Amino acid sequence: MDRDQLTRMFKEQLIPQPQSFELKGDSLFKLANGCAIQINGPKDAQTEAVRLLAKYWGINASIAVGDCATTIPSEGYCLDATADRLLVEASTISGMRHAFRTLRMMAEPERGKGCISGTWNLPEMKIEDAPALSFRGLHLCVFPETRFNDVAKKIRFAAYLKFNVVVIEFWGTFPFQSHPELCWSELSGSREDWAKLIREMREEEGVTLVPQFNVLGHAPNSRSCTCQHVVLNQHPEMEPLFEPDGWCWCLTNPHTMKLLDEAVTELHEFFGRPPYFHIGCDEADSVGLCSECRKHPVAELISNHIRHFRDLFAARGARIMMWHDMLLNRSDKRWENYTAMAHDYQHLEDMVKTIPQDVIIAAWEYGYNFHRIQGDVTYPTTMFFKENGFDTLACPWRKLDVIRSSAALAQKENLFGLLETTWHIFYGPEMKGMFATTAQAAWGVGGGASFGQTTFDRAWRTIVKDMGLKDYNDLGVSDFQVIPKTYGSLG
Ligand SMILES: [Zn+2]
């Protein structure tokens, strides 16, 4: 294999691919007990390196420590391997962790053995790497059908692909102590499992888990297509907390506000008081329709509501993020073919001026009408918030070209970051494409750089192994290889 092919092969073993990769020689660095590793990094870098060497390979290296070059960016790192020593350099613990994730994806178990021998091969190479975006987020939903292991696997895998924020939206699945009625009683997950995962992600992986609770619409905490309602199916007597159709919370009801305050506070506390909290706020068609709410302009109701939660979280040292769509009028020609959900009858067109500037706007654009656009896709909705002074997240979904163009926009326009949404379709081959494409795009790997499908599979097995999963249904990106059927076709 010639050098170019070999370089390409090594790069395709990495998700995301590094910014620069140079194959230096034909020898191998042997990662094994007693191998020579130079760690140039911040205080505690050596401790972290020792932990990761033990966790990933079960080895103790001979470590020398030094100072990191000042030119390495915050989450960046540098690797330099020759046959007789490996240099790992990073200015932060996050960068050090990324370096070891890269090494883990590249390390090849010693050849010619029946089992792992305790030695791994690394090529003689030099890698200089850093992410393009500082906020690389994934939005994950936890449905009653979602097994804990399944979502935990995806969160851990996101960390392995160098995401650093995961927003968790519970769909009637968080076992609230303050309000058990917000969780399907027979389907509550384990608080202990969640607490352990949140702590590990924060302390060992550098991933911030951000809870979401919908404080405006989507109040059933269930997909609209199923007609289920986590509160009203279990407690029909609680109807006054909602607008008459049950879709939106009743914003003038003090009992509603008390419930929402207690629920969001419990969630934020449970998640270890992260710096962000997502309040949802999308697709709130029926807000303000009841006989009491009707006495107020809808814009005033929603604006006061958002500012209420902005203040509540500011007092807790956190910023709220919200979906953008109710801040834009759907009949406004400027947003044609893009996402805007406010109705004319709601008169919300000027409401954005009343939203505090420290609210983070999550602008979701999935690109389903982009084929109708003459000329370039310019994301005017996303840019509107950026130009009005808001920290703005570009939020794509399933379409891989939209993931790439959203990340490119975030990079070019210096947006707050990228938040990939996943909803109810995040498994199987499609998930592989979404996961890898977002990881590459958020890292700044341009041009739709390819990744080896089997690279993804190997990385996935690594996480499954870390978790100690054994059940067949827990191991793959889908529960089954073939959709199970009790009977074959009767025709
Ligand atoms: Zn109402």
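## The largest cavity

Helix 2 (45-57), helix 3 (93-106), helix 4 (148-160) and helix 11 (453-467) each contribute at least two residues to the lining of the largest cavity, in a model that is predicted. Helix 4 gives the most to this lining, with three residues. The lining of the largest cavity consists of K55, Y56, R101, R104, R156, A159, Y160, E205, I463 and D466, and by class these residues divide into four nonpolar, no polar and six charged.

The volume of the largest cavity is about 100 Å³, and the structure holds three cavities of 30 Å³ or more. Domain 1 (3-129) and domain 2 (136-475) are both represented around the largest cavity, since its lining draws at least three residues from each of them.

## The largest pocket

The largest pocket has a volume of about 780 Å³. Its lining is made up of 34 residues, of which F143, E145, T146, H424 and Y427 are the closest to the centre of the pocket. Strand 8 (136-142) and helix 4 are the elements that give two or more residues to this lining, and helix 4 gives the most, with four residues. Sorted by class, the lining of the largest pocket comprises 16 nonpolar, eleven polar and seven charged residues.

## The second largest pocket

Which domains give residues to the lining of the second largest pocket? Domain 1 (3-129) and domain 2 (136-475) both do, and the second largest pocket therefore lies between them. The volume of this pocket is about 410 Å³, and 17 residues line it, with R104, A107, R458, T462 and K465 lying nearest its centre. R104 is also listed in the lining of the largest cavity.

Helix 2, helix 3 and helix 11 each supply at least two residues of the lining of the second largest pocket. The largest share, seven residues, comes from helix 11. By class, the lining of the second largest pocket has nine nonpolar, four polar and four charged residues.

## Helix 8 and its surroundings

Within helix 8 (residues 380-387), the residues T381, T382, M383, F384 and F385 are buried. The buried residues of this helix pack against strand 13, strand 14 (392-395) and helix 9 (400-412). Just after helix 8, the residue G389 takes a positive phi of about 90 degrees.

## Two loop residues

N337 is placed in the loop between strand 12 (319-323) and strand 13 (360-364), and strand 13 is also one of the elements against which the buried residues of helix 8 pack. Is N337 buried or exposed? N337 counts as buried because its relative accessibility is 18%, and the cut-off for a buried residue is under 20%. When residues up to four places away in sequence are not counted, N337 touches N369, F370, R372 and I373.

D245 lies in another loop, the one between strand 10 (208-212) and helix 6 (254-270). The side chain of D245 is joined to the side chain of S286 by a polar contact of 3.0 Å. D245 and V287 are 42 residues apart in sequence, while their C-alpha atoms are 9.7 Å apart in space.

Notes: Residues are numbered from 1 along each chain as its sequence is written. This is a predicted model: local features need pLDDT of at least 70, side-chain atom pairs count only at pLDDT 80 or more; totals for chains, interfaces and linings use all residues. Side-chain values use heavy atoms; hydrogens and water are left out. A polar contact is a pair of N or O atoms within 3.5 Å; within protein, one must be able to donate a hydrogen and the other to accept it, and residues adjacent in sequence count only if both atoms are side-chain atoms. Buried means under 20% relative accessible area, exposed over 50%, partly exposed in between (1.4 Å probe, protein chains only). Contact means heavy atoms within 4.5 Å. On a 1 Å grid over the protein atoms alone, a cavity is a set of points where a 1.4 Å probe fits but cannot get out, and a pocket is an open set with protein on both sides within 12 Å along at least five of seven lines; lining residues have an atom within 4 Å of a point. Grid points are joined across faces, edges and corners, and a volume is the space filled by probe spheres set on the points. Ala, Val, Leu, Ile, Met, Phe, Trp, Tyr, Cys and Pro count as nonpolar, Asp, Glu, Lys and Arg as charged, and the others, Gly among them, as polar. Domain bounds come from an automatic or database domain assignment.
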